[in-house]
Amino acid sequence: MIPVDHYLLVAGLLFAIGVVGVLLRRNALIVLMSIELMLNAANLTLLAFGRARGDSNFQALAFLVVAVAAAEAAVGLAIVVGIFRNRHTTNLDELTLMKH
Amino acid sequence: METDFPLYLIPLLPLAGAAINLLVGKRISRGGVAAIACTSVAMAAVLGWKAAWLLFQSEPSAILTARFFDGDWIHATESHGIGSLHIQAGLLLDRLSAVMVLVITTVGFLIHLYSTAYMEEDKNFNRYFGYLNLFTGAMLILVLGDSLPVTFVGWEGVGLCSYLLIGFWFDKEANAYAGRKAFIVNRVGDFGFLLGMFLIFSATSTLSYRDLASQQSVVALHHVWFAKASIATVAGLLLFVGATGKSAQLPLYVWLPDAMAGPTPVSALIHAATMVTAGVYMIARLHFLFEIDPFVLAVIASVGALTALFAATIGITQKPIKKILAYSTVSQLGFMFIGVGTKAYDAGVFHLVTHAFFKAGLFLGAGSIMHALSGEEDVTKMGGLRAKMPITRWTFLVYCLAIAGIFPFAGFFSKDAILAGAWSFDVAEMPEWPHWLGHAIYFVGLSAAFMTAFYMFRAYFLVFHGEFRGDHHTWDHAHESPPAMTLPLVVLAIGSAALGFLGMPEAFHKDWNLFEQWLVPANFAPMVGEEHASTEWALMAVATVVAGAGIFLAYRLYYRGISPTAVAIKDALPRLYKVVFNKYWVDEIYDSSVVRPLRSLAFVLWKGVDALFIDLILVRGSAFVVDLVGRGVRYLQSGDVQRYMAAVLLGTAAIIAVSANWVACTGAPFDVEQHGADVTVRAHGMPSGPAARPLEFSFDFGDGTPPVKQSTPTVRHHYDVHGRRRLTVNVLDPRWDIRSSDSRTVVIP
């Protein structure tokens, strides 16, 4: 059986890639995808612990995360489309309307 | 006596009238306002007479009780060794409070009636009657309260109404100032009242009059000590401080003369007939408390006597008629305190009743005079008014005879009873006071009575006799007042003339003192050491001669205006006259010793603490700092969502770093304590906080023995081998299946 820390390592890597993507990529679509990556890292952690403890509640929670991720993707994409229609760009560096 | 008599209606009716007149009075016609005000008091008076009739038909100790609502009004549980507090909003009518209720409602009704004409042209007609009704209700609560707190509600209520009515014409600064002065001086007394109340409660765990009067409470008051005196002494003196404030005695009398800034009927009702007698009533009500230590009684009687004399001397020199009457009231209240202070409670309360009639009458008469003379107050500018105002003149004469104590007017009997009580005041229980104290008080009272007769008839002759000394327009305009004003004058004059017969001295006939028979058996212990009839006759004769002398002197000096003799006397004693005319500069002394220092302190607190420290440094300073910080940190707001997210990430990481339990993740550090071949291993990083959970430790000593597994972090081991050994600690977090380990080398000698 693969010990739980291996899963955690993979999940940590995924999460770190997601964080870097969110923080550094300029394209809003890529940022959204990176967020998906982070959510899936969380899912992987849940499932790994669920298997280690033989508890199916973790899987139910993972499904919930999948549902939230789907909703987030839908709303996020809609916002990106809306912004693109207005400003003709999805470059986050140009979308700084909320500054002082 | 248990009946379901609606006692609570007596104060509630005037209060309801006050509510109507104050809330919607502006929309009611003047006639409606006056009708509501007078009717509510008249109904209270009818109920009061009905209740008194019920008492009259029963045995002397009969009482009526009622409550505003069931259950406790104030409730506090036991703490700090002081018993629990249960106070009900209860009313109690016994023969003493019945006397007060009748005076308040009857005289109060007459003054309401008089006011309907006197205040006819005032634009705040409804406010005036609202306050007057509010006052009547509060005063009735004061006298009907069955415990000190209920009385205190009324006590404060009448103080408030006094303030509101003194400053009724507040658009004149002096009037508003007089109102404030009355209120603040009364606060001093009320503070004493409160402290006295607290002390009584601390000793007896009750504040209800009936419980306090019980033997048990009296014993507790006597034998519980506060500092170096019994609670009864300290609480009695504190309550008396309250009485000096409300009843205008030395040294807190200064507010009453200024209170004349209010409308004249207010002076009659509040500052002559009812409110200022509250202190006398309170002492009569709690006489069992004041009797415990005769020292307190002696203080009360002495203060009363000094006040009576002091205020009477000032009254002689005053020119505004209302000021003369004000100092006369202070002086007469002093007489009442002589009465209650020398255990002649019935005499004190009797003088309260007769005084309510003749002094209310004097004020209403003064109001009638001022009404006729377009507000003129100075008696030296009046004269000869007997031709213009016959009813006012004759009634005024009756009041003057009554207050001077001429037989058979009311004041003769009540003042005589007080002086007789003072004469026979028994000081045997008080070794620290001279044995002639009673006689001294008698003579002081007698001199005050002489001056009373003199200054009242000085005012009477100056107003009604001689030639008019004002301008002729005023004279031509002078007229007798309308019936709504003269009717109360006549009724009060009848009372002032006839009421005295209720309290005929024993010397006339031993059963004729109806007032004493009404009050004394139920409320007070009968006086011991009554004087012989011959002594009483002698005292009455002396009092009459003295009063007659005062009147005769006034006649000689003022019958035809201010006589040259009067002026000569004044000029012969310029210093004395100046001191007395300026009221001994008491107001100025208070001003420089109390008012000005307090004002300076208030100024410092205002400018230094409030304006500088709180407003500038704290309020504006903190706004300034926030503004400055905001100006700085706004440049952090780049609008770049990725920076925000980085901040969120860093913040989250920081929170986790602070709160997480790292023991399972960062290895398993441990200490080794070695004594030869014996080692003690102690693992660190025991989890704590909300995430704490039991760990499993495994110790491998590296000497071939099986590892020791346990859930506690400390283990002892004895090595049977020598040399370098590798010691390993494994920690397992069983919940998350996380392992970590650490090892180090030990050298076994």
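In the predicted model, the largest nonpolar core holds 211 residues, and the members that touch the most others are B:M139, B:L286, B:F290 and B:F457. Helix α19 of chain B (residues 437-464) supplies the largest share of this core, with 18 residues. Another core lies apart from it and comprises 16 residues, among them B:F701, B:Y719, B:V729 and B:V746. For B:L286, the contacts beyond neighbours within four places in sequence are B:L148, B:Y209, B:L212 and B:L239.

Over all chains, 10 salt bridges are found in the structure. Side chains of opposite charge can pair when their charged atoms come close. In chain A, the side chains of A:R26 and A:D93 form one such bridge, with an N to O distance of 2.4 Å. A:R26 is located in the loop between α1 (4-24) and α2 (28-53) of chain A, and A:D93 in the segment after α3 (57-87) of chain A, so the bridge ties together parts 67 residues apart in sequence. A:D93 has a relative accessible area of 34% and is therefore partly exposed, the range for this class lying between 20% and 50%.

In chain B, a salt bridge joins the side chains of B:E156 and B:R187 at 2.5 Å, N to O. This pair links distant parts of the chain, 31 residues apart: B:E156 belongs to helix α5 (residues 148-166) of chain B and B:R187 to helix α6 (residues 173-204) of chain B. B:R187 is partly exposed, at 34% relative accessibility.

A further salt bridge is formed by the side chains of B:K181 and B:D258 (3.0 Å, N to O). Because B:K181 lies in helix α6 of chain B and B:D258 in helix α10 (residues 255-258) of chain B, the pair ties together parts that are 77 residues apart in sequence. B:K181 and B:D258 are both buried. Through salt bridges that share partners, B:K181, B:D258, B:K323 and B:D587 are joined into one network.

Chain B also contains an open sheet of 3 strands in the order β7-β8-β11, with antiparallel pairing. The antiparallel pairing of β7(B) with strand β8 (residues 678-683) of chain B extends over 6 bridges. Within β8(B), B:A683 is the bridge partner of B:F670.

How values were computed. Residues numbered from 1 in each chain as written. Chains lettered and ligands numbered in written order. Predicted model: local features only at pLDDT ≥ 70, side-chain atom pairs only at ≥ 80, totals over all residues. Heavy atoms only, no water. Core = buried A, V, L, I, M, F, W, Y, C linked by side-chain atoms within 4.5 Å. Buried < 20%, exposed > 50% of the residue type's maximum accessible area, 1.4 Å probe, protein only. Helix = DSSP H or I, 4+ residues; strand = E, 2+ residues; numbered from the N terminus. Contact = heavy atoms within 4.5 Å. Salt bridge = Lys/Arg side-chain N within 4 Å of Asp/Glu carboxyl O. Pairing = 2+ DSSP bridges.
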